[in-house]
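Hi,

Here is the structure I said I would pass on.

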Amino acid sequence: MQLERYADRLRTQLAAVADGGTEETRALAERMSTALEPAIRLALLELLAEAAGEVSRELAPGAVDVRLRGQDPELVVTRPAEPAEAPMAQRSSDPVAADDEAATFRTTLRLPERLKSRVEQAAATEGVSVNSWLVRAVAAALEPTRRPAPAQNGNRFTGWVR
């Protein structure tokens, strides 16, 4: 990215303003444009750095950096690394987890404090997040082929056996 053309444009505009004045005004404008060039370049670099910072915050974990090559800045985009696909042994065999991520939605669920504590404890016991545990619980409740859990009645168990 060449900053020289932006500095030239400002120099030309300053000269155009001075053309309406005296010879002394034109000479002053010429001296000012020469003196202002480093400040203009620095201001443009600061603008680029601030813009790159704002874009980086939106791209996180990616980033945009401003690098100088000689006197000209260059924008460098760093994209986040693509996660490597897990080997077959590490993939989840859970059909709920294998569902299409694009088909998910966000909802708010209000639970009584006692029930919330029990859900958190059950999720921790299974080593999954509360969200994963709730998704599995809802899927299990809606699964038509799933059998109810055996109920204990004194010394007898009722339920299905496979």
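What follows is a short tour, from the overall layout down to single side chains.

Bear in mind that this is a predicted model: local features need pLDDT of at least 70, side-chain atom pairs count only at pLDDT 80 or more, and totals for chains, interfaces and linings use all residues. Numbering starts from 1 along each chain as its sequence is written, and side-chain values use heavy atoms, with hydrogens and water left out.

The overall picture: the protein chain has four helices and four strands, in the order α-α-β-β-α-α-β-β from the N terminus. Helices (H or I, at least four residues) and strands (E, at least two) are DSSP runs, numbered from the N terminus. Of the 162 residues, 11% are buried; buried means under 20% relative accessible area, exposed over 50%, and partly exposed in between (1.4 Å probe, protein chains only). The chain exposes about 13,800 Å², with carbon and sulfur atoms supplying 55% of that (Shrake-Rupley method, 1.4 Å probe; for residues, only the protein chains shown count as cover). Taking contacts between residues at least 6 apart in sequence, 31% join residues at least 24 apart, where contact means heavy atoms within 4.5 Å.

Now the salt bridges. A search of the whole structure turns up eight, counting a side-chain nitrogen of Lys or Arg within 4 Å of a carboxyl oxygen of Asp or Glu. What does R41 pair with? R41, in helix α2 (residues 23-59), forms a salt bridge with E4, with the closest N and O atoms 3.8 Å apart. E4 sits in helix α1, so this pair ties together parts that are 37 residues apart in sequence. R41 is buried at 12% relative accessibility, while E4 is partly exposed at 32%. Leaving aside residues up to four places away in sequence, R41 touches L3, E4, Q71 and D72.

E4 also meets R11 in a salt bridge (3.9 Å, N to O), and R11 is partly exposed, with a relative accessible area of 25%. D8 lies in helix α1 (residues 4-18) and is partly exposed at 30%. From D8 to S33 is 9.1 Å, C-alpha to C-alpha, although the two are 25 residues apart in sequence.

K116 is partly exposed at 33%, and E120 is partly exposed at 35%. Back at the other group, salt bridges with shared partners join E4, D8, R11, E37 and R41 into one network.

As for α3 itself, the helix covers residues 113-126 and reaches 20 Å from its first C-alpha to its last, close to the 20 Å expected (1.5 Å times one less than the number of residues). G127 follows α3 and has a positive phi, near 70 degrees.

On the strand side, β1 (residues 63-69) and β2 (residues 72-78) pair in the antiparallel sense over seven bridges; strands pair if DSSP finds at least two bridges between them. R67 has E74 in β2 as its bridge partner. Two residues lie between the strands of this hairpin, where G70 takes a positive phi near 70 degrees.

Cheers
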